[in-house]
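Subject: Structure handover

Hello,

Here is the structure to go with the sequence. My notes on what was found in it follow below.

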Amino acid sequence: MATGFRKKEKKVLFLASGRGSNFENAVKVIRKKKAPIAILGLVTDNPQAKVLDLARSFQIPSYTLPFADYKDKKDYHKDLLKKAQDLAPDLIVACGYMRILKPEFVNSFSGKIINIHPSLLPSFPGLDSQKQAIDYGAKISGCTVHFVEEGVDTGPVILQRSVEIGSSWGEKELSLAILKEEHKILPLAIQLFCENKLRINGRKVEILK
């Protein structure tokens, strides 16, 4: 278990599966602001994920649990829970993590897991949210940072940013526009949590002054 953190620092663990754009941006913002945040590490289910290269470049510990190698997928989720419990984070940030967290994991870190999702929840939850919005003919989409609970993309909303969908846009154009907004709100949500400025009140998240 990592040691040596300043007393007021919050310890943050990232979960990611892909290229790591939100991970990269969040780390850069956290370090630039010199926020009281200690990054414990990165856990990925994908040994080929480009986010691992980013973690190495940032000298952040990474832990790979190759989902495809597990015959019994229950064992993957047990190992993920054990790794998180061993690291003992104050906050877990899922950013492009492509596995549904099991109830045992969510309950073990209740109120301490946040996720970034590329739509204005509750609209277009789950996979391919940008495609869902384009196919539906939506005029506005966006992104959401929310607390994670047992349902898929159902937890209380922390922050949202909207994107007006261009009339000629496809999934690629919308994804790029949404990603720019994700890069703004995810680091802010992490900072607000680590500064004890978020309070869950039923379905609502209050942002304290």
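Aspartate 53 is partly exposed, with a relative accessible area of 45%. (Buried means under 20% relative accessible area, exposed over 50%, and partly exposed in between, with a 1.4 Å probe and protein chains only.) Aspartate 53 belongs to helix H2, residues 51-57.

Some ground rules. This is a predicted model, where local features need pLDDT of at least 70, side-chain atom pairs count only at pLDDT 80 or more, and totals for chains, interfaces and linings use all residues. Residues are numbered from 1 along each chain as its sequence is written, and side-chain values use heavy atoms, with hydrogens and water left out. Helices (H or I, at least four residues) and strands (E, at least two) are DSSP runs, numbered from the N terminus.

The sheet

Seven strands form an open sheet with mixed pairing, in the order E3-E2-E1-E4-E5-E6-E7. (Two strands pair if DSSP finds at least two bridges between them.) Strand E3 (62-64) and strand E7 (157-164) are at the edges. Each has a single partner strand, so one side of each lacks a neighbour in the sheet. From one strand to the next, the twist averages 20 degrees.

Strand E1 (residues 10-16) pairs with strand E2 (residues 37-44) in the parallel sense, over seven bridges. Within this pair, phenylalanine 14 stands opposite leucine 42 in E2. Helix H6 packs on the sheet and touches E1, E2, strand E4 (91-94), strand E5 (113-117), strand E6 (140-147) and E7. (Contact means heavy atoms within 4.5 Å.) The direction of H6 makes about 160 degrees with that of E7. (Axes are lines fitted to C-alpha atoms, for helices over the stretch in contact, and angles run from 0 to 180 degrees between N-to-C directions.)

The cores

The largest nonpolar core has 45 residues. (Such a core is a set of buried Ala, Val, Leu, Ile, Met, Phe, Trp, Tyr and Cys residues joined through side-chain atoms within 4.5 Å.) Phe14, Phe23, Ile114, Ile158 and Ile190 have the most contacts inside it. Helix H6 (residues 171-194) gives the most to this core, with ten residues. Leaving aside neighbours within four places in sequence, phenylalanine 23 is in contact with Phe14, Leu42, Val51, Leu54, Ala55, Phe58, Ile60 and Cys95. A second, separate core has 21 residues, including Leu81, Ala94, Ile113 and Val148.

Helix H5

Glutamine 130 lies in H5, residues 129-136. Glutamine 130 is buried, with a relative accessible area of 14%. Its side chain makes a polar contact with the side chain of serine 175, at 3.4 Å. (A polar contact is a pair of N or O atoms within 3.5 Å; within protein, one must be able to donate a hydrogen and the other to accept it, and residues adjacent in sequence count only if both atoms are side-chain atoms.)

The buried residues of H5 are Ser129, Gln130 and Ala133. Seen down the axis of H5, they fall within an arc of 105 degrees, so they line one face of the helix. (The arc is that of the directions from the helix axis to the C-beta atoms.) Their cover includes E5, E6 and H6.

The hairpin

Strands E8 (residues 198-201) and E9 (residues 204-207) run antiparallel, joined by four bridges. They form a hairpin with two residues between them. Glycine 202, in the turn, has a positive phi of about 70 degrees.

Best wishes
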